[in-house]
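Good morning, and thank you for coming. Please look at the sequence and the structure on the screen as I go through them.

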Amino acid sequence: MPDHDSAAWQPRMTDTEAAAEARRIIADAYRPVPQMPTAYRDTTPLPAYGPTPPVPQPDRRIVPAWAAGTAVAGIGVGATCVGVGCGIWLACQGFAAVTLTSVLFVTLPIAAVAAVAAAIGSTLRSLKATHTETHHHYAGPVWQETNTITAPAYGLIARNRNELNR
């Protein structure tokens with residue numbers, strides 16, 4: 001047993017103190033975490049005259065429509081190539097017997113034509129959907145300014161000076 005004067009000696013807790021400490025630790029573990037707000041709306045009134053602050057107009061699309069259409073068309077073309085390849089293989093194996101092979105040989109070209117038609121339709125639909133319009137709705141006086149800066153670059157090494165003189 002260690003001596004009372006050594007640094008390793010610590011007093012023991014009583015059973016009631018140990019039970020109280022255990023209850024405290026368990027209560028801390030199961031205490032709900034305070035929730036942070038995920039959104040904030042500024043309720044400060046807008047000025048009656050003057051510049052209007054920008055209004056967020058979020059765009060929820062993750063992938064542009066033309067990119068999704070291109071991906072679908074690519075999948076259709078890939079499936080078509082696989083179907084045509086299987087059809088050629090089945091034709092080489094023999095198509096006189098009425099077996100699963102012959103049934104697949106008859107149906108695969110039809111499926112290939114359907115896959116090509118779906119890919120073409122998806123491509124046309126996605127090309128039609130590439131034109132999107134954005135409408136801005138403002139309340140109050142708004143100052144809209146559009147600047148076009150033409151900066152010619154001559155010679156082997158070009159130096160850009162992005163200066164806007166008003």
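This is a predicted model: local features need pLDDT of at least 70, side-chain atom pairs count only at pLDDT 80 or more; totals for chains, interfaces and linings use all residues.

Residues are numbered from 1 along each chain as its sequence is written, and side-chain values use heavy atoms, with hydrogens and water left out.

Now the overall layout. The chain has 3 helices and 0 strands, and from the N terminus on its elements run α-α-α. Helices (H or I, at least four residues) and strands (E, at least two) are DSSP runs, numbered from the N terminus. Of the 166 residues of the chain, 8% count as buried. The chain exposes about 15400 Å², and carbon and sulfur atoms supply 64% of that area. Accessible areas come from the Shrake-Rupley method with a 1.4 Å probe; for residues, only the protein chains shown count as cover. As for contacts, meaning heavy atoms within 4.5 Å, residues 24 or more positions apart account for 61% of those in the chain with a separation of 6 or more.

Let us return to Glu-21 and its partners. A salt bridge is a side-chain nitrogen of Lys or Arg within 4 Å of a carboxyl oxygen of Asp or Glu, and by this rule the count comes to 3. In one of them, Glu-21 pairs with Arg-24, with the closest N and O atoms 2.6 Å apart. Both residues lie in helix α1 (residues 15-29), 3 residues apart, which is about one turn of the helix. Arg-24 also forms a salt bridge with Asp-28, where the closest N and O atoms are 3.1 Å apart. Asp-28 and Arg-24 are 4 residues apart in helix α1, again about one turn.

Which residue does Asp-28 meet in a salt bridge at 2.8 Å, N to O? The partner is Arg-31. Arg-24, at 42% relative accessibility, counts as partly exposed, as does Asp-28 at 34%. Arg-31 counts as exposed, because its relative accessibility is 52%.

Next comes helix α2 (residues 65-93). Its 29 residues, at 1.5 Å a residue, should span 42 Å, and its end C-alpha atoms are 42 Å apart, which agrees. The expected span is 1.5 Å times one less than the number of residues. Several residues of α2 are buried, among them Gly-69, Ala-73, Gly-76 and Leu-90. Thr-80 is located in helix α2 and counts as buried, because its relative accessibility is 11%. Which residues does Thr-80 touch, not counting those up to four places away in sequence? They are Ala-112, Ala-115 and Val-116.

Cys-81 is exposed, with a relative accessible area of 54%, while Cys-86 is partly exposed at 35%. A disulfide is a pair of cysteine sulfur atoms within 2.5 Å, and by this rule the count comes to 0.

Val-116 leads us to helix α3 (residues 100-128), where this residue lies. At 37% relative accessibility, Val-116 counts as partly exposed. Together with Ile-120, Leu-124 and Leu-127, Val-116 forms a nonpolar patch on the surface, with about 370 Å² of accessible area together. Patches are made of residues with over 30% relative accessible area and no salt bridge: like charges are joined within 9 Å, and nonpolar side chains (Val, Leu, Ile, Met, Phe, Trp, Tyr) within 5 Å.

Finally, consider Val-55, in the loop between α1 and α2. Val-55 is exposed, because its relative accessible area is 56%. Val-55 and His-136 are 81 residues apart in sequence and 9.4 Å apart in space, C-alpha to C-alpha.

Technical notes: Buried means under 20% relative accessible area, exposed over 50%, partly exposed in between (1.4 Å probe, protein chains only).
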